[in-house]
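Please open the model in a viewer and keep the selection panel at hand.

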Amino acid sequence: MTALLEVRDLEISFSGLSAVRGASLTVAKGETHCLVGESGCGKSVTALAVMGLLARNGARKATALRFDGTDLLGLDERAMSRLRGNRMAMIFQEPMTSLNPAYTVGSQMAEVLRRHRGTTRTAALDRAVELLTLVRVTSPGLRIGQYPHQLSGGLRQRVMIAMALMCDPELLIADEPTTALDVTVQAQILRLLADLQKDLGLAVLLITHDLGVVARMAHRVSVMYAGEVVESATAANLFARPMHPYTRGLLACVPVPGKIKPDQPLGSIPGMVPQIGRDFLGCGFRERCGHARPDCAGTIPRRALGPDHDYLCQLEPDATAP
Amino acid sequence: MLGFLARRLLVAILVCLTVLTFAFALTRLAGDLAISIAGAQATAADVEIIRKAYGLDRPIVEQFFDWVRRAAVGDLGQSYFFKEKVSKLIADRLPITLTLGLVGLTIALTVALPLGIVAALNESRVVDRLVSLVALLGQAMPSFWLGLILMITFGLHLGWLPISGTGTWQHFVMPGIVLAFSAIPALLRLTRSGMIDALASDYIRTARAKGLSRASIILKHAARNAAMPVVSIAAVQLGFMLGGSIVIETVFALHGVGFLAWESISKNDFPTVQGVVLLLAIIYTLLTLIADMFNAVLDPRLRAS
C-alpha cells in the first residue's frame, strides 16, 4: 500500500477560529477512504485545504501535506492549479449550483482537458462524450449541447463526476456527492462511484455523514469530530470494533434490520459539536460523552489497536471493549 | 427565442404609445398653444385665425389621432419656432447626441468595468474602499461643475482641447468625460456587487477545482454571470445620456437633441416637443430591447422562459 495523499497534523483556522486541529489521514493508491462525521466537524474544509481551495480568510498549516510525494504546502497557486482537475479532482455536495449556468455542459467539460492537456476543442468534446457514456448518461451527444438548467440533479452530478475524470486523475475527492439527491439517485451515483473506483483504479476520498455509504464503499475510514480525526481504521475493523465513544455513538444511530426492535428507540448523541476556541485543550467530545472523566480535559493520547487502527481517547482498549 | 422577441417587441410598442399619449396631453396642458404661437402682440382675431390654421380648434382626440397617423409614416409636422420640418430638425441634431452618448458610454464602461472587477477581487480591502470613494465622488459631483472645471483646466490653461462646438473628435472628449462621470457610479457598483456574488458562487469553486487559470475564472466564468444587471443598467444609462444631456450640451454648446428639446419646450413649440419625446421614447425602448436580447444571449435560462 503506497500513500497517494498524506495529510499530517493539518490545522485550519478561519479568522482565528480553528476548524481543524491536527488532523492526519492517508489515502492509499486505488483505495476508497471515507471521512465521516456530523456537520461542522471539519470534513469539507479538510478536503478544500488539500485542494488548496480554502476561502480567503482560511489559513492552513501542517507538518506534511503530500500528494504522490509532492509537497503541496510548497506549491504556489499556479503550480497547484496545474494539479487540480488534472491529477486530483473534486466533486461537491451541490450539483444544482456547481455548474456554470451560462455555458453548455460540453464546453465546461472540454475546458478541463484544453487547460491541462492543450487538446483541441473537438477532441476535448469527443472525450466529454466518452466520459458521459462512462458515467451512464443517456444520449451524451445531445447532453454536451445542453445547459445545466436543462438537466436534473442526478444528471448534473453525473456531469460533475465525468468532468472530474476528464484528465484521468489519480485522486478523486467527493464531498457528500449524494446528499442533495433523492434516495434512488443516491444509490445509482454511489454504485457508479464504486464501479469507477474499481475500473479506473482511482483513489477516492469520500466525505459523508452516512454510515450506510461507508459500509458499502470504504476500504478505510477516518472519523472526524470537532476538527480532529478521533478514530481511523479499516472499514471492517471499524464496524467490528469501534473504539472511540463518538464512533460508537454514530453506529448506534444507524438502524440495523434484525438488531433493532420496533419499540426500542434508535440511539442518538445528545448535544452539538462545540465551538473550538484557540486554546481549547483536551477531548472535544467530552461534554457529550458517557465515559467522560476529569483527565479528558488534558492532553489525549492516540492509542493504537493493531497497525491499522488507532483512536484518540483516554479509554484503554480493554476498558472500552463492548 | 422568437416568442421572447415578439413579446418584448409588443411591450416596446405599448410603451412608446403610452409615452406618446402623455407627451401629447402634457403639451396641451401647458397652455393655449394658439396664443403662444401668435405671440404677445397678437389680437384675439389673430389667435382665432392661427387656431383654425393649425387645426387647434378641432376636438383634442381628433388632433391626437391625426398626429399619431402622420407620425406613424414619419411626418412629425412643422416647427412653429424653427420654421422647419421637425423630422429634419431632429435628423440634423441626432448624430451629435448619438456621438456624445456613445463616447460617454464607452468612457464609462472602460472605467467602470475594470474598476468594479478590481474592487470585487479586493473586497473590503484598501483598493475596494478607494474605488468606492471614486464612485461616491462621481455621484456627488454636479456635471455642469465638472464640465466647467475641465474646460478651465484642459481648455483654457493647458489648451489641449476645444471648449465648445462640434467640429472635430476632440470636441467630444470633455463632454464625453463629463457624461461618463454620471454613469460610472451605477455601473461600477453593479459590476462590483455582481462580481462579488459570482465569485462566491459554487460554480466558481468548481472552476477553481478544475484548475482553470485565474483569468479564465474571473473573465469567463464570473464576469459573464455578473454582466446581466450591468448590461441592463448600461442601456438605461445610455438612454439617459441621449435624452438627458441637456446640461452638458448647453455647457459645451453642442447643439444636439437635448438642446433642441430644451429650446422647443421654452418656446412652447409643441410639434418639436412631441417629436423629440417620441424619438427618445423609441430610443429608450429600443435600448431596453437590445439589453434584453443581449442578456438572453448571456443567460440561456432567459431564452427558455
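Which residues are buried in H1(B)? Select B:Ala23, B:Phe24 and B:Thr27, which are buried there; buried denotes 20 or more other C-beta atoms, placed from the backbone, within 10 Å of the residue's own. The model is predicted: local features need pLDDT of at least 70, side-chain atom pairs count only at pLDDT 80 or more, and totals for chains, interfaces and linings use all residues. Residues are numbered from 1 along each chain as its sequence is written, while chains are lettered from A and ligands numbered from 1 in the order in which they are written.

Next, display H4 (60–72) and H13 (270–298) of chain B, which are included in what covers the buried residues of H1(B). Helices here are DSSP runs of H or I with at least four residues, and strands are E runs of at least two, numbered from the N terminus. Just after H1(B), select B:Gly31, whose phi is positive, at about 140°.

Now select H5 (residues 86–121) and H8 (residues 173–199) of chain B: their axes come within 6 Å and cross at roughly 35°. Axes are lines fitted to C-alpha atoms over the stretch in contact, with angles from 0 to 180 degrees between N-to-C directions.

Finally, turn to the two chains: 24 residues of chain A are in contact with 18 residues of chain B, contact requiring C-beta atoms, placed from the backbone, within 7 Å. Helix H2 (77–83), strand E7 (88–91) and helix H3 (105–117) of chain A each supply at least two residues of the side of chain A that touches chain B. H3(A) gives the most to that side, with four residues.

Methods. Buried ≥ 20, exposed ≤ 12 C-beta atoms within 10 Å, placed from the backbone.
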